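Biologist: I've got a new model open and I'd like to talk through how its chains meet. Can you walk me through the terms as we go?

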Amino acid sequence: MSDSRPEGGTALTRLSRLGYALPAQAPSDAEKYVPYRHDGATVHVAGQLPYLDGELAVRGLLGRDVAVQAARALARQAAVNALAVAASAVGNLDRVRIVQMLVFVASTSDFGEQSRVADAASELLVEVLGEGGRHARTAIGVAALPQNSPVEIQLICTTT
Amino acid sequence: MSDSRPEGGTALTRLSRLGYALPAQAPSDAEKYVPYRHDGATVHVAGQLPYLDGELAVRGLLGRDVAVQAARALARQAAVNALAVAASAVGNLDRVRIVQMLVFVASTSDFGEQSRVADAASELLVEVLGEGGRHARTAIGVAALPQNSPVEIQLICTTT
Amino acid sequence: MSDSRPEGGTALTRLSRLGYALPAQAPSDAEKYVPYRHDGATVHVAGQLPYLDGELAVRGLLGRDVAVQAARALARQAAVNALAVAASAVGNLDRVRIVQMLVFVASTSDFGEQSRVADAASELLVEVLGEGGRHARTAIGVAALPQNSPVEIQLICTTT
């Protein structure tokens, strides 16, 4: 039907083939807020950093400390963490439908490749969810992010 | 039921106990846009600066000009101003239910404590609204904000 | 009824009187994501840069490289591009109703006039759509934007 249609198996299988596990609970420094909130059928997922096993592997700015390839891996990890929250909100990763993704890239004032960083997260969403992973997106370069993370991702989702 | 359940009285009473009054109308430099807009039952509140009596008490960047504690007070004030708009949209502060909060913190490139600033606003929402104040959240560090405000807050709400 | 009520004719006519054509398809570097996504009746439009005929006329930061007047023209162009996407989502520019606009302005840390830049986009929306163009808005100053664009605009819309 479309070349963005994912190969067979569940979304979890496809995620696993890409080398990612879904964290039991997306890591967060959140006691003051919740990982997601429903508004009718819409799910707002809190901004996710690229934590892996409770650690941020890389800190700093694109254009100064962090290369685009490294940031692309971080963007994928942050997207996986956001998917974990979305899956727990919806009850099943296969039923998650992405509506909108905001990608924040900690950037020097002269860095202009935020889209290449964000593309890595966009690709992952479509690889895992197929048509349900296609989304509107806004990528911007910010001065700094919590914990000096190079990347942060916020999703708005719904259920297929 | 939950330790985030607010003590008795109205939301306005709880706000008052915290030392805040609800401004009659949230201050804004807005003639070109509106303080809120409905999309069905969802209310989008325009970004709010920490104006108090028409003044911005502090200007500048976290990590250079403004301490975390001072910025936390500004985040609470911006949240109060956003609540004022939400209350006027919904008709009653007690019926406001927060869905999502975006917290923008004007930051140097090496500042990484945006979450501590945002936590102050998150706490206030729960103290005032209880369960209805619990929200998904994204905190980011931006280069600068209108009027050189250190903090700006945007809310998405609905009605309980 | 209101002085924001547009003069006669279609929204396209009013846009044309302001000197803008609606691009056939809003330009974008997007193969990895889609220009818009529906969530029920709500339309999330992907972030739009001020491309005109496939080109970004100006690059750089407010407060260093780009004057406010030049950035206001870019904000209007980005808003036109976002309207083009919204019109294709809704099927008819006259039926587009704007809910929320996020305006990102690439700024030095001492620039504080993001609202003046964003006002140009807000004015255009109301000039073209009348009451349906009135929106909640958040304007922020970011470190950098894709392609070193000085301005990026994201819209949430619905249908009148």
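Biologist: How much area do chain C and chain B bury between them?

Modeller: About 2200 Å², with 49% of it on carbon and sulfur atoms. Buried area is the accessible area (1.4 Å probe) that two parts lose on being put together, summed over both. Before we go on: this is a predicted model, where local features need pLDDT of at least 70, side-chain atom pairs count only at pLDDT 80 or more, and totals for chains, interfaces and linings use all residues. Residues are numbered from 1 along each chain as its sequence is written, chains are lettered from A and ligands numbered from 1 in the order in which they are written, and side-chain values use heavy atoms, leaving out hydrogens and water.

Biologist: How many residues does the contact take from chain C and from chain B?

Modeller: It takes 31 from chain C and 24 from chain B. Contact here means heavy atoms within 4.5 Å.

Biologist: Why is the pair Arg64(B) and Asp110(C) called a salt bridge?

Modeller: The rule wants a side-chain nitrogen of Lys or Arg within 4 Å of a carboxyl oxygen of Asp or Glu. In Arg64(B) and Asp110(C) the closest N and O atoms are 3.0 Å apart, so the pair passes. Across the interface of chain C and chain B the rule finds two salt bridges.

Biologist: Which strand of chain C gives the most to the side that touches chain B?

Modeller: Strand 4 of chain C, with seven residues. Strands (E, at least two residues) are DSSP runs, numbered from the N terminus, as are helices (H or I, at least four).

Biologist: What makes the relation of chain C to chain B that of a three-fold axis?

Modeller: Two copies of a chain are related by a rotation about an axis and a shift along it. Here a rotation of 120° with 0.0 Å of shift along its axis superposes chain C on chain B (RMSD 0.0 Å). That is the relation of a three-fold axis. The superposition is by least squares on the C-alpha atoms of residues with pLDDT of at least 70 in both copies.

Biologist: How do you know that chain C and chain B meet through different surfaces?

Modeller: Only 6% of the interface residues of chain C are also interface residues in chain B, so the copies do meet through different surfaces.
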